[in-house]
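Colleague: Please take a close look at one part of this model and the pieces connected with it. Give me each cut-off as you use it.

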Amino acid sequence: MIELKNVCKRFGDKEILKGISAIMEAGKANLIIGASGSGKTVLMKCMVGLLEVDAGEILYDGISFSSMSNAERKHIRKEIGMLFQGAALFDSMTVEQNVMFPLEMFSNLSYRERKKRVDACLARVNLQDAHKKYPAEISGGMKKRVGIARAIVLNPKYLFCDEPNSGLDPQTSMLIDKLIHEITVEYNITTVINTHDMNSVMEIGDHIVYLYEGKKQWEGSNKDIIFSKDEKLNQFIFASQFLQDAKEMRQQELLNQRSGTG
Ligand SMILES: Nc1ncnc2c1ncn2[C@@H]1O[C@H](COP(=O)(O)OP(=O)(O)O)[C@@H](O)[C@H]1O
Ligand SMILES: [Mg+2]
């Protein structure tokens, strides 16, 4: 579990995060959603310590990350997996070498043990035959899978994904989302996902924090969204008339079901 308490961040005189509080739970896909520029990436960078907060606090399972020394943070960093935008694989390394890299940096495992772990992670993301391929030789969706395998190779307790679907077609996006969600539940990981993809929101949004101009505008689950009356949220999620109509139809359907069974 990760707890945000009144997190504030500014650059110069520009306030970016204006006091954000939320709890990111274990075993759930915690989505941070919001328009481009609303502060999602800055918030994630504060959470992993790439940026320092100006005020407020971030706690990892009750321990204040914000007030830790760099040496103390190292222990938490080892438990963090990150899936970077565009997967950020090393081009000169094979798929297998990419996934093995964190093990070489942070574990004392023998080569055989490392290889076994890499094979297991690549199998988990359904990439059995790509070990010897280079990033340039595989598709965007496969690259993301490799990125996920690399992010989970050290058995992280916390997983951060910044726009995991950027550059993917809707169907591949959905597969990647579902994979991240499955892994989150399977290993009870506290997963935080930045996205502005409305498919992700509806598919895997166990817990959603909607940022609007650096503030938490709304919080809830994908099920709550259908009935939410928050105007800004509705405009953001159901941007087109088509989606607004779809929402209303779904709302009616759910209401009918409820009255039918109740
Ligand atoms: N290092 C920085 N210095 C100054 N301004 C920044 C910096 N990083 C981000 N910003 C600003 O913070 C705001 C939020 O950015 P960001 O978190 O990247 O938005 P999002 O990820 O939601 O699209 C933007 O206005 C952006 O220009
Ligand atoms: Mg961003």
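Modeller: In helix α3, which spans residues 95–106, the buried residues are V95, E96, N98, V99, M100, P102 and L103, where buried requires 20 or more other C-beta atoms, placed from the backbone, within 10 Å of a residue's own, exposed 12 or fewer, and partly exposed a count in between. Helices here are DSSP runs of H or I with at least four residues and strands are runs of E with at least two, both numbered from the N terminus. This is a predicted model, in which local features need pLDDT of at least 70 and side-chain atom pairs count only at pLDDT 80 or more, while totals for chains, interfaces and linings use all residues. Residues are numbered from 1 along each chain as its sequence is written, and chains are lettered from A and ligands numbered from 1 in the order in which they are written.

The axes of α5 (residues 140–152) and α6 (residues 170–186) come within 10 Å and cross at roughly 15°, the axes being lines fitted to C-alpha atoms over the stretch in contact, with angles from 0 to 180 degrees between N-to-C directions. The crossing angle therefore makes α5 roughly parallel to α6, since angles under 35 degrees count as roughly parallel, over 145 as roughly antiparallel, 65 to 115 as roughly perpendicular and the rest as oblique. On the α5 side the contact is made by G141, K144, I148 and I152, and on the α6 side by T172, L175, I176, L179, I180 and I183, contact meaning C-beta atoms, placed from the backbone, within 7 Å. By class these residues divide into seven nonpolar, two polar and one charged, with Ala, Val, Leu, Ile, Met, Phe, Trp, Tyr, Cys and Pro counted as nonpolar, Asp, Glu, Lys and Arg as charged, and the others, Gly among them, as polar.

The loop between α4 and α5 holds N126, a residue other than glycine whose phi is positive, near 60°. Because N126 has 13 C-beta neighbours inside 10 Å, N126 counts as partly exposed.

Terms used: Two residues are in contact if their C-beta atoms, placed from the backbone, lie within 7 Å.
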